[in-house]
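Let us take a friendly walk through a protein chain. Keep the picture open beside the text and look up each part as it comes.

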Amino acid sequence: MTLQHFMKEAISPWMRDEGPDSDIVLSSRIRLARNFSDISFPLAGNKEKLQEIRQFFQNKYEHESFQDYEDFALLSMEDLTAVEKRVLVEKHLISPHLAKNQHAGAALISQNEQVSIMVNEEDHIRLQLYFPGFQLTEALEKAFELDDWLEEKIDYAFDETRGYLTSCPTNVGTGMRASVMMHLPALAMTKQINRMIPSINQLGLVVRGIYGEGSEARGSIFQISNQITLGITEEDIIGDLRGVVKQLIEHERKARTRLMEQSGKQLEDRIHRSYGVLEHSRIIESKEAAICLSNVRLGIDLGMIEQVSRNILNELVILTQPGFLQQYAEKTLSASERDELRATLIRERLQLEK
């Protein structure tokens, strides 16, 4: 399996399946931070040792399979172009931090792209696993199994009192970040989400944009994740996050119902105007595209637009990102050139649905 396997499609195979509450919860993710016990952590490690870790993963795990996750491929960051790395970030297969690693960074990715094991990121190992829809418990169970699979050959840095040891103190303990990606257009339209975020933060959770820390919540897509990893079990973390997500789902559904009842015609107009922009624009910036795609997805969920599948919108969110646009064009594009190509790809993709 080559790099092109991961570059040719904007939407990962696992994303084509729908999970529970998938009209609101796009995906559930579990990420586990781990380190080798006898090697300095990446932030303080020397290049030779980190290269040995990368080689270890290549020797032990490349082309291996575990349960449903087949034919893992190892991609070394130093072998990738800037555009290729950006595409992998846009698909959530690697982090922006790993993309900047020019020495011994790598990613071990399953064929269906549901599992990505980042090597020599902030920690020696960042194992992440995605499930479609609201499936945190299922994702945690599989992440534990994958973690056990790795631990058969790796002695983890672990302290009986503190738990798993990590480069950043905020990850010490379980080393786990659980998160859900949510589409909350009605809460965003009614400004309710602005009032909810401070309350969510007080519960030890954090609300971020689609690409995590430091990213903007474009297109009404929000990532909700835990902040606390020490002094609490993985199951407790999942329980707390599930409780908040359930409330957000309930609030979003109620907000959608109220919008339909109180401003149905205005909402319908907004949704169809957005569809018209996507269908006919010759130039469209990324922010406007994200807003229009969000509105159209809401229209699909509410039954106002029937000729477009929900998966098309998931695909276009990623396909219209800067990295994918340049990968498609096979050259570096200016901002204005990206805006033109973005509009063209959206028009062409929507045309295929007719």
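## A tour of the model

Ala104 sits in the loop between H4 and strand E3 (106-109); helices (H or I, at least four residues) and strands (E, at least two) are DSSP runs, numbered from the N terminus. This is a predicted model, in which local features need pLDDT of at least 70 and side-chain atom pairs count only at pLDDT 80 or more, while totals for chains, interfaces and linings use all residues. Residues are numbered from 1 along each chain as its sequence is written, and side-chain values use heavy atoms, with hydrogens and water left out.

**Loop residues**

Is Ala104 buried or exposed? Its relative accessibility is 1%, so Ala104 counts as buried. Buried means under 20% relative accessible area, exposed means over 50%, and partly exposed is in between (1.4 Å probe, protein chains only). Not counting residues up to four places away in sequence, Ala104 touches Leu50, Gln51, Arg54, Val119 and Asn120; contact means heavy atoms within 4.5 Å. Met77 is 27 residues apart from Ala104 along the chain, and the C-alpha atoms of the two are separated by 7.3 Å.

Ser12 belongs to the loop between helix H1 (3-7) and strand E1 (25-34). Leaving aside neighbours within four places in sequence, Ser12 is in contact with Lys91, Asn112 and Glu113.

| Residue | Relative accessibility |
|---|---|
| Ser12 | 1% |
| His92 | 17% |
| Ala104 | 1% |

Now for the backbone. Most residues other than glycine have a negative phi. His63, in the loop between helix H2 (47-61) and E2, has a positive phi of about 70° although it is not a glycine. His92, in the loop between helix H3 (82-90) and helix H4 (96-99), also has a positive phi, of about 65°.

**The sheet**

In which order do the eight strands of the open sheet come? The order is E2-E3-E4-E5-E1-E8-E10-E9, and the pairing is antiparallel. Strand E2 (73-76) and strand E9 (205-208) each have a single partner strand, so one side of each is left without a neighbour in the sheet. On average, neighbouring strands of this sheet are turned by 20° against each other, direction ignored. Two strands pair if DSSP finds at least two bridges between them. Strand E8 (residues 176-183) and strand E10 (residues 221-226) pair over five bridges, and Ile221 in E10 is the bridge partner of His183.

The axes of helix H11 (residues 322-329) and helix H12 (residues 335-351) come within 10 Å and cross at roughly 80°. Axes are lines fitted to C-alpha atoms, for helices over the stretch in contact, and angles run from 0 to 180 degrees between N-to-C directions. H11 and H12 are therefore roughly perpendicular to each other; angles under 35 degrees count as roughly parallel, over 145 as roughly antiparallel, 65 to 115 as roughly perpendicular and the rest as oblique. H11 brings Pro322, Leu325, Gln326, Tyr328 and Ala329 to the contact, and H12 brings Arg338, Leu341, Arg342, Leu345 and Glu348.

Which residues of H12 are buried? Among them are Leu341, Arg342, Leu345 and Ile346. What covers the buried residues of H12 includes helix H8 (234-280), helix H9 (286-301), helix H10 (310-319) and H11.
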